[in-house]
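I set aside this page for what I looked up in the structure, entry by entry.

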Amino acid sequence: MNAVRNRKLLVLLGPVVALLMFAAAVKMASGLLSREFKEPYRASSATAAQTPPAAGLTEEASAAAQKAKPYEEAEYRRFPVVGSRVAIWMVAQLHLLFAAFVLAVPIFALIVEAIGYKTGDLRYDRLAHEFAKLLSVSFSLTATFGAFLTFMLIILYPKFTNYLMSVFSPTFLPYILLFFAEAFFLYTYTYGWGKFHPLVHLGLGLGLNVVGTAIMFIANAWLTFMMSPRGISDAGAVISVSEAINNFTWMPINVHRVIANVAFGGSVAAAYAAFKFLQATSDEERAHYDWMGYIGNFVAISAFLPLPFAGYWLAKEIYAYSQTLGLTMMGGAFSWLFIIQAVLIGNLFLAANYYLWLGMGRVEGAQPIQKVIKYLLITIVLCFMVWATPRSIIATVSEVRAMRGSAHPVLGFLGVMSAKNTAVNILILTTFMSFLLYRRTGKIATVAWAKTGHTAQLVIFAAVAVFVIFLGVYGYFVEATVRIGLSVPQVLSVLLAMVAITAIDIFLFRGASKTGEVRWGRIPAISQYVLIFIAVTFTWLMGLMGYVRSGLRQHWHVYGVIRDTSSDAFTPTLGFATNIVSVTVLVFFLLIGVVFWIASLHDRPDFNRGKSL
Amino acid sequence: MRVPLILRIGALVVATTGFYAYVGQMVPQKEVQPPKETAMGSDMTTADMVKVGREIMDGKGLCVTCHTIGKTGALRFPDLGGIGSLAKNRVPGLSDVEYLAQSMYEPTAFVVPGFPPAMPPVNGPPIGLTDQEILSVIAALQTLGGTPTVTMKTTHRYYDGTAAPSGAPAPAAAPAPNAQPEEAQPLAAPKKGTLLRPDDEPGAGSAGALAKAEARQGAGGVAR
């Protein structure tokens with residue numbers, strides 16, 4: 001009772017004290033203004049200049065001025081050893097990786113916390129708190145790399161940076177203010193865990209997410225403008241800032257990044273859980289971190305499944321802006337990059353499915369479902385192989401002659417988009433089924449229409465798979481303009497199947513009986529290494545796709561407007577690019593290791609001073 | 001001896017990144033240099049112009065990024081094979097030189113049926129060919145199924161031979177940030193998401209990135 005009364009008193013006193021302080025400040029300011037200004041006594045400049053020290057200083061200053069080179073505005077400056085482009089590339093990538101993590105973790109921390117609040121299950125609250133503990137150090141590193149990047153841009157590319165600033169200066173104040181708000185929400189959300197009413201805390205988490213997303217949207221405007229400039233004249237003069245922001249690729253990048261960030265953040269959080277699982281010494285700890293890893297991976301893969309569709313939209317807008325830019329991406333200097341991407345995404349699908357299948361072992365009564373795993377595995381491997389098949393093959397002259405071209409007479413048919421689109425869609429559908437099977441392990445549907453429900457799900461899955469394959473084959477017999485359009489029904493049918501099957505599944509397994517419990521922690525250790533592998537692959541994929549997005553401009557700082565005339569204007573080989581991506585990823589994981597270590601300090605026992613002394 | 005956990009994880013991270021870096025070395029390696037400025041002289045012969053024109057088509061002009069020469073089948077953009085003779089009768093009232101000039105300065109004025117109006121004006125950014133360079137490209141195009149007739153003195157409706165080059169290259173450095181907006185002409189970019197895609201193009205507004213690559217003609221990689 002007393003505490004409530006004291007709090008009420010404080011609430012009442014607060015405004016009174018604030019008013020008093022304001023009045024005092026006004027009084028002080030008006031007092032100072034009313035005083036007469038008096039020039040302080042100084043010796044005349046002529047007298048001062050005649051003293052020996054002053055004369056010596058004047059001489060030194062004039063000698064230094066004669067020696068100094070006149071100021072010239074630099075267009076570019078060179079970063080030592082690695083060059084300016086590589087330096088900017090690595091710093092920007094590290095900034096983006098940490099930013100992605102800082103934006104993603106609050107999204108699922110909030111969701112997990114909300115589930116915990118709704119269900120009353122304290123495990124969720126603990127899990128969300130554990131995620132949130134990773135935030136503060138990551139936030140500092142993101143800001144540090146952001147500042148580093150800004151300084152690097154100003155120093156190494158002053159003229160170009162000056163131009164971007166002239167276009168986007170109206171966005172800077174909102175950006176800074178949002179950054180302050182982000183810091184407020186982030187620290188109150190992290191350090192205020194358990195200190196507020198749960199709804200207030202959820203509100204803080206919501207604020208953190210909204211503000212963080214807004215910050216990303218502003219930064220996205222700057223970088224997408226470089227790729228698809230709008231709202232400016234031929235000479236680059238600003239006509240409309242709003243159009244410069246809302247350029248062709250801005251919204252697709254926004255959406256793509258939100259989804260990709262969630263996938264990336266989930267994978268890194270799962271890797272953290274894997275690390276803690278492997279470190280764990282008790283069954284209880286193992287159970288908790290196994291569960292945390294599962295949730296992190298679930299979030300990552302759930303976000304990863306719709307990501308290709310967001311990628312389609314982004315690519316569509318790139319083509320809409322400039323066919324030349326689009327063809328450079330998919331058919332020019334960067335075409336082989338998408339083979340590397342296929343290897344990465346194929347590995348992600350394989351690893352994610354492998355983890356789920358390993359996870360089925362922790363559920364009692366999962367044996368019937370495990371039987372179908374081998375068929376899913378075969379499908380995934382086949383799809384992966386088709387996707388990674390290049391249209392043209394690196395071959396010797398005699399081999400090229402034997403094949404009558406650079407395309408293999410048989411495998412070449414798998415290198416075209418009809419085959420690849422089909423493979424990707426079946427891959428997504430199969431992984432989705434894998435998820436679904438995991439979800440129903442250890443459960444038996446008890447609703448009256450259970451058999452009909454199962455049949456409906458199977459029919460939808462089979463019908464969509466046949467439809468996707470049919471369109472893929474049909475694509476070989478029609479003109480390009482028709483063939484390109486076939487990817488739309490393929491994508492839509494897969495999305496529709498995913499939504500419909502999930503909807504049926506939710507109702508089908510309501511009140512389901514259990515064949516056994518989920519034994520968290522009872523999973524082979526290799527599954528945890530798979531989670532770490534997924535996180536590294538996600539990070540590498542982000543680095544690679546960041547490169548293609550930025551490198552696509554080739555010898556332009558702002559595509560078609562400001563040309564890159566520096567020594568780094570050329571587009572490097574893919575081998576060089578992948579080396580840079582690899583080094584950046586290694587640095588990131590080194591730093592994320594530091595983040596994990598700092599986050600773990602909180603749970604360590606206090607230093608025992610008496611013991612050491 | 002049991003390897004410490006941190007080393008095992010470190011080894012996994014290094015091995016994974018190393019593997020992907022290795023995959024990166026296994027694909028064709030090509031360093032793409034910025035297009036070189038073409039040396040143009042007023043005393044160039046038609047044969048010189050043809051040679052320079054082909055160089056521009058392969059490099060700065062980016063023509064072969066989209067167009068093929070001498071290919072048939074399901075193409076995404078018109079094949080340039082035989083354009084030297086086709087251009088003479090393609091648009092009634094326009095000579096081959098006038099038609100070819102129009103197709104570069106004002107590419108959407110006439111679009112070959114069955115193809116999308118996706119070509120940008122080549123005298124503007126990002127290609128930014130000069131009038132003289134465009135004349136050379138016309139000379140090179142005339143050789144594809146015809147005989148080159150243009151000289152450095154040839155004029156057409158977009159170039160009267162005396163005016164300053166309208167296709168000034170894009171600025172090499174940052175333009176004046178304080179340029180007056182009222183003096184500026186809007187960038188020759190289309191209305192968002194519409195102009196470059198024809199209404200009747202099936203892939204318009206929907207096809208994915210991978211599908212778009214169908215247009216590419218044998219430059220390796222994932223598409224044809």
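This is a predicted model: local features need pLDDT of at least 70, side-chain atom pairs count only at pLDDT 80 or more; totals for chains, interfaces and linings use all residues.

**Helix α16 of chain A**

Next I asked which residues of α16(A) are buried. I found A:Ile373, A:Leu376, A:Ile380, A:Cys383, A:Phe384, A:Val386 and A:Trp387. They cover an arc of only 165° around the axis, and therefore lie on the same side of α16(A). I noted beside this that an α-helix has 3.6 residues a turn, so residues three or four places apart point the same way.

Turning to the other side of α16(A), I found A:Tyr375 and A:Met385 exposed. A:Met385 sits in this helix, which covers residues 373–387 of chain A, and I count A:Met385 as exposed because its relative accessible area is 52%, where the cut-off is over 50%. I then looked for a surface patch and found that A:Tyr375 and A:Met385 belong to a nonpolar one of about 630 Å², made together with A:Val372, A:Leu377, A:Ile378, A:Val381 and A:Leu382.

**Salt bridges**

I counted eight salt bridges over all chains, and looked at some of them one by one.

The side chains of A:Asp505 and A:Arg439 meet with N and O 2.7 Å apart. This pair links distant parts of the chain, with A:Asp505 in helix α20 (residues 480–508) and A:Arg439 in helix α18 (residues 417–439), 66 residues apart.

For A:Lys316 and A:Glu317, I read a distance of 3.5 Å between the closest N and O atoms of their salt bridge, and both residues are buried.

The salt bridge between A:Arg123 and A:Asp121 has N and O 3.4 Å apart; here I found A:Arg123 partly exposed at 40% relative accessibility and A:Asp121 partly exposed at 25%.

**Chain B**

Last, I looked over chain B, which has seven helices and zero strands. Of its 224 residues, 46% are buried. Among its contacts with a separation of 6 or more, I noted that 57% come from residues 24 or more positions apart. Chain B exposes about 10,800 Å², and carbon and sulfur atoms supply 58% of that area.

Conventions. Residues are numbered from 1 along each chain as its sequence is written. Chains are lettered from A and ligands numbered from 1 in the order in which they are written. Side-chain values use heavy atoms; hydrogens and water are left out. Helices (H or I, at least four residues) and strands (E, at least two) are DSSP runs, numbered from the N terminus. Buried means under 20% relative accessible area, exposed over 50%, partly exposed in between (1.4 Å probe, protein chains only). Contact means heavy atoms within 4.5 Å. Accessible areas come from the Shrake-Rupley method with a 1.4 Å probe; for residues, only the protein chains shown count as cover. Patches are made of residues with over 30% relative accessible area and no salt bridge: like charges are joined within 9 Å, nonpolar side chains (Val, Leu, Ile, Met, Phe, Trp, Tyr) within 5 Å. A salt bridge is a side-chain nitrogen of Lys or Arg within 4 Å of a carboxyl oxygen of Asp or Glu. The arc is that of the directions from the helix axis to the C-beta atoms.
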